[in-house]
Amino acid sequence: MRRDDRPAVVERCGTCRANRGEFQNSGGVIYQDRLWRLEHCIEPIPVAGWLVLKPLRHVEAFADLTEEEAESFGPLVRLATRAMREVLQPAKVYVCLFSESEGFAHIHVHLIPRFAETPHELHGAGVFDLLRRAGEEQRNLGDVAAAAEVAAAVLERLQAGR
Ligand SMILES: [Zn+2]
């Protein structure tokens with residue numbers, strides 16, 4: 001990318017736009033520091049409790065994180081997924097990074113609860129079928145009120161440093 005392209009890239013970037021609060025999401029900002037922002041995934045949501053952790057800086061590869069971003073990533077993911085485990089009681093919490101969707105090359109880490117009752121075909125990478133379906137059908141497949149409650153409960157735990 002040429003240096004003078006950067007403002008335009010950041011202007012159009014879906015993750016930067018999400019970080020600027022340009023999309024509808026349940027529960028608002030769950031956590032933000034100088035480097036990272038944690039929110040519920042934007043609407044339409046695939047499932048309540050699907051969170052997304054994003055660097056505030058426009059960066060398109062994990063390999064390009066700064067030392068400080070890289071060092072803070074692990075502890076933050078641990079805290080966030082611990083809080084999700086307590087709040088949601090899932091069988092697992094997936095931690096996924098692809099950033100392949102058009103307009104969303106800016107890295108964003110999906111923190112996804114997988115419940116005991118989740119159908120087998122939605123286990124593992126199959127869970128992204130839900131995200132695709134929500135987008136195609138342009139409707140929330142999960143309960144947005146429940147999503148906001150999850151966001152609030154995770155925020156409370158993160159503020160308490162648990
Ligand atoms: Zn960006």
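Leu122 counts as partly exposed because 17 C-beta neighbours lie inside 10 Å, on a scale in which a residue is buried if 20 or more other C-beta atoms lie within 10 Å of its own, exposed if 12 or fewer, and partly exposed in between, with C-beta atoms placed from the backbone. The structure is a predicted model, in which local features need pLDDT of at least 70 and side-chain atom pairs count only at pLDDT 80 or more, while totals for chains, interfaces and linings use all residues. Residues are numbered from 1 along each chain as its sequence is written.

Leu122 is placed in the loop between S5 and H4, where helices (H or I, at least four residues) and strands (E, at least two) are DSSP runs, numbered from the N terminus. When neighbours within four places in sequence are left aside, Leu122 is in contact with Val127, Asp129 and Leu130; two residues are in contact if their C-beta atoms, placed from the backbone, lie within 7 Å. Helix H4 itself, residues 128–137, is hardly covered, since the count of buried residues among its 10 residues is 1. Just after H4, Gln138 takes a positive phi of about 50°.

The protein as a whole contains 5 helices and 5 strands, which follow one another along the sequence in the pattern α-α-β-β-β-α-β-β-α-α. The radius of gyration of the protein is 15 Å, close to the 15 Å that the globule rule gives for 162 residues, so the protein is as compact as a globular protein of that length; here the radius is taken over C-alpha atoms, and the rule is 2.2 Å times the number of residues to the power 0.38. Along its principal axes, the C-alpha trace spans about 50 × 40 × 25 Å. Of the 162 residues in the protein, 26% are buried. Among contacts between residues at least 6 apart in sequence, 62% join residues at least 24 apart.

H3 and helix H5 (residues 144–159) pack at an angle of about 125°, with their axes 9 Å apart; the axes are lines fitted to C-alpha atoms, for helices over the stretch in contact, and angles run from 0 to 180 degrees between N-to-C directions. H3 and H5 are therefore oblique to each other, given that angles under 35 degrees count as roughly parallel, over 145 as roughly antiparallel, 65 to 115 as roughly perpendicular and the rest as oblique. The crossing in which H3 passes H5 is right-handed, a crossing being right-handed if the near helix is turned clockwise from the far one by less than a right angle, and left-handed if anticlockwise. The contact is made by Leu79, Ala80, Ala83, Met84, Glu86, Val87 and Leu88 of H3, together with Val150, Ala153, Val154, Arg157 and Leu158 of H5. These residues divide into 10 nonpolar, no polar and 2 charged, where Ala, Val, Leu, Ile, Met, Phe, Trp, Tyr, Cys and Pro count as nonpolar, Asp, Glu, Lys and Arg as charged, and the others, Gly among them, as polar.

Ser72 is also found in helix H3, and with 17 C-beta neighbours inside 10 Å it counts as partly exposed. Apart from neighbours within four places in sequence, Ser72 is in contact with Leu35 and Trp36. Ser72 and Leu35 are 37 residues apart in sequence and 8.5 Å apart in space, C-alpha to C-alpha. Ala8, in helix H1 (residues 6–12), is exposed, with 10 other C-beta atoms within 10 Å. Ala8 and Leu76 are 68 residues apart in sequence and 30 Å apart in space, C-alpha to C-alpha.

Most residues other than glycine have a negative phi, and most peptide bonds are trans. Gln89, in the loop between helix H3 (67–88) and strand S4 (92–97), has a positive phi of about 55° although it is not a glycine, and Gln89 counts as exposed, with 10 C-beta neighbours inside 10 Å. Ser99, in the loop between S4 and strand S5 (109–114), likewise has a positive phi, near 55°, but is partly exposed, with 19 other C-beta atoms within 10 Å. A cis peptide bond, with omega about 0°, joins Glu43 and Pro44, and Pro44 is found in the loop between strand S2 (36–40) and strand S3 (51–55). Glu43 is also touched by Gln24, as is Ile42, not counting residues up to four places away in sequence.
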